[in-house]
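Here are my notes for your reading of this protein. Please go through the points in order, with the sequence and the structure open beside them.

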Amino acid sequence: MSETAEVIGTEQDEAVPATVEGEAEETDAGSDDDLLVQEGDIAGDYLERLLDILDYDGDIDLDVEAGRAIVSIDGGEDLDKLVGPRGNVLEALQELTRLAVQQETGTRSRLMLDIAGWRAGRREELRELGRSTAESVAQSGEKVRLQPMSPFERKVVHDAVAAVEGVTSESEGEEPKRRVVVLPA
């Protein structure tokens, strides 16, 4: 038996290809991008079926940015209905889309969904809110609590506050009433 084990072990050792340093990292990065592209494709198919069921027009665009699949739907007249008040319907659709991707791939997805450019527009509003609030806090020395926000919105505000000297920010509260607090540093 020991001879058999040695032979099998030798064959396995010979079958393992030698790698050059850094090569495995490139392969891992490539496979990560491939997985994100696959997530985008699955999400695009799912959303296309949804648009067909609703009889809505829209162009689906897939992209990969910052280690995340980005799916955008633009061009239809009724798409604002898929955003809802304060993006509530958009957030729900994003979660459903993530679940559809997870069911297909077996891994949790972090994909980002934008409909009719709403998230991109909201990002700009939030950057301005974060910047102006941070400047106000830096001048007054008084902390400011903002309205409750989604995780996406809070991250944008935290990033904007971080760009202003003399202030810091943190989140407080429990979902769905979690909010950003801007404080003097």
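1. Overall content. The protein has five helices and six strands. This is a predicted model, and the points below should be read with that in mind. Along the sequence, the elements follow the pattern α-α-β-β-α-β-α-β-α-β-β.

2. Burial and contacts in total. The protein has 185 residues, of which 31% count as buried. If we take the contacts between residues at least 6 apart in sequence, 57% of them join residues at least 24 apart.

3. The sheet of S1, S2 and S3. Three strands form an open sheet in the order S1-S2-S3, and the pairing is mixed. Which strands stand at the edges? They are S1 (59-65) and S3 (112-115); each has a single partner strand, so one side of each is left without a neighbour in the sheet. From one strand to the next, the twist averages 20°.

4. The pair S1 and S2. Strand S2 covers residues 68-74 and runs antiparallel to S1, with seven bridges joining the two. Within this pair, glutamate 65 stands opposite arginine 68 of S2. As a reminder for reading any such pair, side chains in a regular strand alternate between the two faces of the sheet.

5. Aspartate 61. This residue lies in strand S1. Aspartate 41 is 20 residues away from aspartate 61 along the chain, and their C-alpha atoms are separated by 9.8 Å.

6. Threonine 97. Helix H3 spans residues 88-105 and contains threonine 97. The relative accessibility of threonine 97 is 0%, so this residue counts as buried. Not counting residues up to four places away in sequence, threonine 97 touches Ala43, Tyr46, Leu47, Leu111 and Leu113.

7. Helices H4 and H5. Helix H4 (residues 118-140) packs against helix H5 (residues 151-162) at an angle of about 45°, and their axes are 8 Å apart. The two helices are therefore oblique to each other. The crossing of H4 past H5 is right-handed. On the H4 side, the contact is made by Trp118, Arg119, Arg122, Arg123, Leu126, Arg127, Gly130, Arg131 and Ala134. On the H5 side, the residues are Phe152, Glu153, Val156, Val157, Ala160 and Val161. What kinds of residue make up this contact of H4 with H5? They divide into eight nonpolar, one polar and six charged.

8. The pair S5 and S6. Strand S5 (residues 167-172) runs antiparallel to S6, and six bridges join them. Here threonine 168 stands opposite leucine 183 of S6. S5 and S6 form a hairpin, with six residues between the strands. Glycine 173, in the turn, has a positive phi of about 95°.

9. The pair S4 and S6. Strand S4 (residues 144-148) is joined to strand S6 (residues 179-184) by three bridges, and the two run antiparallel. Valine 144 has valine 182 as its bridge partner in S6. When you look at S6 in the structure, find both of its pairings: with S4 and with S5.

Conventions. Residues numbered from 1 in each chain as written. Predicted model: local features only at pLDDT ≥ 70, side-chain atom pairs only at ≥ 80, totals over all residues. Heavy atoms only, no water. Pairing = 2+ DSSP bridges. Helix = DSSP H or I, 4+ residues; strand = E, 2+ residues; numbered from the N terminus. Axes fitted to C-alpha atoms, helices over the stretch in contact; angles between N-to-C directions. Buried < 20%, exposed > 50% of the residue type's maximum accessible area, 1.4 Å probe, protein only. Contact = heavy atoms within 4.5 Å. Parallel < 35°, antiparallel > 145°, perpendicular 65-115°, else oblique. Left-handed = near helix turned anticlockwise from the far one by under 90°. Nonpolar A, V, L, I, M, F, W, Y, C, P; charged D, E, K, R; others polar.
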